[in-house]
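Welcome! Please take a moment to look over the sequence and the 3D view before reading on.

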There are 2 protein chains.
Amino acid sequence: LCEVEHSTSGAAYFLGLDIGGTKTEALVVDQQLAACGWAKERTNTAAPDALVVNIVTTASKAIAAAGVSPDDIAAVGVGIPGQVLPASGVVRLAVNLGLKEYPLQDALEAAFHVPTILENDIRLAAFGAFERLHRETSKTKRADSLAYIGIGTGIAAGVVLNGKLYRGARGMAGEIGHMVVEADGALCNCGQRGCLETIVSGPGILRQAARLLPGANVRHAGDVYRLAEEGQSEAKEIVSHISRHLAQAILWLLLTYDVTHVVIGGGLTRAKTAFLEPILGELHRQRMQSPLIAELLGSTQISQLPPEDNAGLWGAIRLAQQQAEQGQGVEGRLGD
Amino acid sequence: LCEVEHSTSGAAYFLGLDIGGTKTEALVVDQQLAACGWAKERTNTAAPDALVVNIVTTASKAIAAAGVSPDDIAAVGVGIPGQVLPASGVVRLAVNLGLKEYPLQDALEAAFHVPTILENDIRLAAFGAFERLHRETSKTKRADSLAYIGIGTGIAAGVVLNGKLYRGARGMAGEIGHMVVEADGALCNCGQRGCLETIVSGPGILRQAARLLPGANVRHAGDVYRLAEEGQSEAKEIVSHISRHLAQAILWLLLTYDVTHVVIGGGLTRAKTAFLEPILGELHRQRMQSPLIAELLGSTQISQLPPEDNAGLWGAIRLAQQQAEQGQGVEGRLGD
């Protein structure tokens, strides 16, 4: 698929990096976005310097696997689980990477010697999911807006509006995990009580399981879905609680952003239809009650990301490609 | 202020219209946006045809007051209390105008013989408030995002993102009035129970007053604020309830759109500090609980529109101006 050739017009490949709390993935693609080389390493979060070396090593392995030279890379896109300041590329509050505030974009650009752009991982997954949608839909019915809900240690949304990634003034658009949805609910890491994240997130689900299913062997949030499928009533209650709140979150996103596509991703989607169907059921119930909601939902596509789809990595690739185009004056900064 | 002269380069004036359920205002401005002529008439909602005649008559009076000819108008912008379909300019669900579904943009363009563009009134007020902010702030600290919360018969938000009015895929962005905030709350016009609109809106406040203040002489929502200022405990309870929900709505808007400015407008703001202070107090309380909320609020300006500022009418004027520029190929369609 990948055409490895040295372009006469300079660097011809893009590098995407998806940096997670436990693993880092790197992918090299050619101009036609065909995959050329891939690498995966454990993330070293011991110290910022060690993290930079770790990222560069993973990138080098992907470049070597692609059979190209580092000079062939035109631009690098990087997804990070944390806040990325729009102007500077400084990473903030990336708890899982041990970065409180660090100029990671500058550090990586100095190592790669090519334009390097950082973005929050949920936002990149939104961009990747949007690109996938574009490839799959016909030119006449092109989507131009999408909200991606990523569920993991927390829950947040990434949004594509009018075909562009939307970041917000402080790079905090879509932080729906910290909407308070339960008065006097569980204490959230953010300091508030009853945030959406305390209910719909890996740790949030485990906490509910510890309370309602103390005897059951629940090690992952997915176990709750399995038990619910087996008919365990407390597990069904937890799934129903999660689904009601997710349905509500989807309606919020529709009532604020008025997007036509909602995609949900993250580990929970491995439960497949057991995950999505109760959400759709809850939305159907709301739809029956209100013509307004029925109209909004009637022209909205709600789906879950296939678990094998690394939308974040593809989002990073597309970000790199846009960055390279920007360097050539083709278009403005992403999200501007 | 207004320079009335017949431009050598063709039509040189813009017309803005703000059509409300009870009154219609029209304003003619010159290229420098100085007011030249103004008119105000009762809105005739007897039938769509009568409404069109009524709008055109009001416009003609403003044009005559400006001492210019209809041929001098370059473009017309119109604010409507209802949904405006982005592509066609068809007005939907404009209950207060008696329009269920009507091609008002086409009808008005046929009457005015110049480019005419319709937009939802809350959204235009957002645009007007944003323009005001731009005029007031220095060039170095220019705002580029704003959420306007308009409270009247209902409650909705209009948003300016990256300096542009954002409409959403179906022209329904910012319909926050229909977020369910109270389980088993009052029945909303939309069919759901406990929508934000059932608590924070003119009719919503009167309903709460009828329940908690049955003996009091409450004819307008503002009376509840007056009674609260006088120390009436049930009135204070209602104001506190409204303020808590408005503070929550502001946080939602910040967590989704990540805007730097929030402006609240509508009749309630006539209560001045009695309106805004309890909201700011509630936000302060949330801020003390959460570093994340403190960070968001720390760089956000929250204000209320001066009651005398017709932001919607100015938004219509700016829309007309943009429409005229678009006709000359200066920039793309608003919100694209």
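## Where chain A meets chain B

Please keep in mind that this is a predicted model. Let us begin with the interface. On chain A, 43 residues are in contact with chain B, and chain B brings 43 residues of its own to the meeting. About 3500 Å² of area is buried between chain A and chain B, with carbon and sulfur atoms giving 53% of that area.

How many salt bridges are counted between chain A and chain B? The count is 4. You can find a salt bridge where the side chain of Arg170(B) meets that of Asp258(A), with 2.8 Å from N to O.

## The chain A side of the interface

Which elements give two or more residues to the side of chain A that touches chain B? They are helix 6 (233-257), helix 7 (273-289) and helix 8 (291-298) of chain A. Helix 6 of chain A gives the most, with 6 residues.

By residue type, this side of chain A divides into 18 nonpolar, 18 polar and 7 charged residues.

## A mixed sheet in chain A

Now for a sheet within chain A. Here 5 strands form an open sheet with mixed pairing, in the order 11-10-9-12-13. At its edges you will find strand 11 (164-166) and strand 13 (301-304) of chain A, each pairing on one side only. On average, neighbouring strands of this sheet are turned by 20 degrees against each other, direction ignored.

To see one pairing in detail, look at strand 10 (residues 155-161) of chain A, which pairs with strand 11 of chain A in the antiparallel sense over 3 bridges. In this part of chain A, Val160(A) stands opposite Leu165(A) of strand 11. Helix 7 of chain A, which also gives residues to the side touching chain B, packs on the sheet. This helix touches strand 9 (146-151), strand 12 (261-266) and strand 13 of chain A, and its direction makes about 155 degrees with that of strand 13.

## An antiparallel sheet in chain B

Chain B has an open sheet of 3 strands, with antiparallel pairing and the order 5-6-7. Strand 5 (83-84) and strand 7 (99-102) of chain B each have a single partner strand, so one side of each is left without a neighbour in the sheet.

Strand 5 of chain B is joined to strand 6 (residues 91-94) of chain B by 2 bridges, and the two run antiparallel. For Val84(B), the bridge partner in strand 6 of chain B is Val91(B).

Methods. Residues numbered from 1 in each chain as written. Chains lettered and ligands numbered in written order. Predicted model: local features only at pLDDT ≥ 70, side-chain atom pairs only at ≥ 80, totals over all residues. Heavy atoms only, no water. Contact = heavy atoms within 4.5 Å. Buried area = accessible area lost by both parts, 1.4 Å probe. Helix = DSSP H or I, 4+ residues; strand = E, 2+ residues; numbered from the N terminus. Nonpolar A, V, L, I, M, F, W, Y, C, P; charged D, E, K, R; others polar. Pairing = 2+ DSSP bridges. Axes fitted to C-alpha atoms, helices over the stretch in contact; angles between N-to-C directions.
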